[in-house]
Amino acid sequence: MPAKSKAQQKAAGAALSAKRGETTKTSLRGASKEMFESMTEAQLEEFAATKHKGKPDHVRK
């Protein structure tokens with residue numbers, strides 16, 4: 001399932017970085033922290049790899 005916005009893609013990239021050990025878990029906040037705890041590395045890769053051409057900056061709930 002691809003990311004729906006640039007913000008979601010960016011949060012997934014931060015969570016993926018922490019999951020791989022490239023950054024610390026304590027540096028995560030908000031959505032990226034929740035993604036880190038609830039998603040697998042493969043799911044995070046799929047979100048982070050989404051092309052952001054044509055994606056909105058944010059999506060309203």
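Me: Which side chain does Glu41 meet in a salt bridge?

Reply: A salt bridge is counted when a side-chain nitrogen of Lys or Arg lies within 4 Å of a carboxyl oxygen of Asp or Glu. Here the side chain of Glu41 meets that of Arg20, at 3.3 Å from N to O. Please keep in mind that this is a predicted model, in which local features need pLDDT of at least 70 and side-chain atom pairs count only at pLDDT 80 or more, while totals for chains, interfaces and linings use all residues. Residues are numbered from 1 along each chain as its sequence is written, and side-chain values use heavy atoms, with hydrogens and water left out.

Me: Where in the chain do Glu41 and Arg20 lie?

Reply: Helices (H or I, at least four residues) and strands (E, at least two) are DSSP runs, numbered from the N terminus. Glu41 belongs to helix H3, whereas Arg20 sits in the loop between H1 and helix H2 (30-38), so that the pair links distant parts of the chain, 21 residues apart.

Me: Which residues form a network with Arg20?

Reply: Salt bridges link Arg20 with Glu41 and Glu45 in a network, and the bridge between Arg20 and Glu45 is 3.0 Å from N to O. Because Arg20 lies in the loop between H1 and H2 and Glu45 in helix H3, this pair ties together parts that are 25 residues apart in sequence.

Me: How many salt bridges are there by this rule?

Reply: The count comes to 3 salt bridges, and one of them joins Asp57 and Lys6 at 3.8 Å, N to O. Asp57 lies in the segment after helix H3 (41-48) and Lys6 in helix H1 (residues 6-19), so this pair ties together parts that are 51 residues apart in sequence.

Me: Is Arg20 buried, exposed or partly exposed, and which residues of H2 are buried?

Reply: Buried means under 20% relative accessible area, exposed over 50%, and partly exposed in between (1.4 Å probe, protein chains only). Arg20 counts as partly exposed at 41%, while in H2 the residues Ser32, Met35 and Phe36 are buried.

Me: Why do the buried residues of H2 line one face of the helix?

Reply: An α-helix has 3.6 residues a turn, so residues three or four places apart point the same way. Seen down the axis of H2, the buried residues fall within an arc of 105° (taken from the directions from the helix axis to the C-beta atoms), so they line one face of the helix. They pack against H1 and H3 (contact means heavy atoms within 4.5 Å), whereas the face turned away from the buried side carries the exposed residues Glu34, Glu37 and Ser38.
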